[in-house]
Amino acid sequence: MEDQRVWAFEESLWTASAEHYQEAIDQGCLMVVPAPPYVLEGQQAIDAVKDTPRWSKVAFSEQKVSRPEEGLIVIAYKAEAQKEGASPYTAHCTSVYRRLGHDDWKVVQHQQTPPLTSRD
């Protein structure tokens, strides 16, 4: 998958329907998110998104793509996301995609780390 498609695919994970998200996440996926229970696996990660309103807009910066071996793509980036009625969200993220077949990619790892906030 070329870089442009990688970023379009990643954007769809933030903004597309919960059904699309479920199709794109591998059953063995591991995730780390900034809210309890923090560490999610497989169906638990998929279920966590089902009832969550999708982001209406996301912008990526600091984008990096690595292809350590055939059929594996690792990306890292900064995400700035927005949705109606919510504060903007910023996080540094990684995702790992594994190719299952021709043009069939699934997310096997994802993590989000929001920036540290200053303490008063």
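The largest pocket here has a volume of about 500 Å³. A pocket, on a 1 Å grid over the protein atoms alone, is an open set of points where a 1.4 Å probe fits, with protein on both sides within 12 Å along at least five of seven lines, and lining residues have an atom within 4 Å of a point. Grid points are joined across faces, edges and corners, and the volume is the space filled by probe spheres set on them. Of the 23 lining residues, Val33, Val49, Thr52, Trp55 and Gln112 sit closest to the centre. Helix H1 (3–15), strand S1 (25–32), helix H3 (43–50) and strand S6 (104–113) each give two or more residues to that lining. Helices (H or I, at least four residues) and strands (E, at least two) are DSSP runs, numbered from the N terminus.

A word on what we're looking at: this is a predicted model, where local features need pLDDT of at least 70 and side-chain atom pairs count only at pLDDT 80 or more, while totals for chains, interfaces and linings use all residues. Residues are numbered from 1 along each chain as its sequence is written, and side-chain values use heavy atoms, leaving out hydrogens and water.

Now for the sheet. Six strands form an open sheet in the order S2-S1-S6-S5-S4-S3, with mixed pairing. Strand S2 (39–41) and strand S3 (57–69) are at the edges with a single partner strand each, so one side of each has no neighbour in the sheet. On average, neighbouring strands are turned by 15 degrees against each other, direction ignored. Strands count as paired if DSSP finds at least two bridges between them.

| Pair | Bridges | Direction | Facing residues |
|---|---|---|---|
| S1 and S2 | three bridges | antiparallel | Val32 and Val39 |
| S4 and S5 | 10 bridges | antiparallel | Ala81 and Tyr89 |
| S5 and S6 | nine bridges | antiparallel | Cys93 and Gln112 |

Two hairpins are worth a look. The one of S4 and S5 has six residues between the strands, and Gly85 takes a positive phi near 80 degrees there. In the hairpin of S5 and S6, two residues lie between the strands, and Asp103 has a positive phi near 60 degrees.

As for the helices, H1 packs on the sheet and touches S1, S3, strand S4 (72–82), strand S5 (89–101) and S6, its direction making about 130 degrees with that of S3. H3 lies across S1 and S2, at about 105 degrees to S2. Contact means heavy atoms within 4.5 Å; axes are lines fitted to C-alpha atoms, for helices over the stretch in contact, and angles run from 0 to 180 degrees between N-to-C directions.
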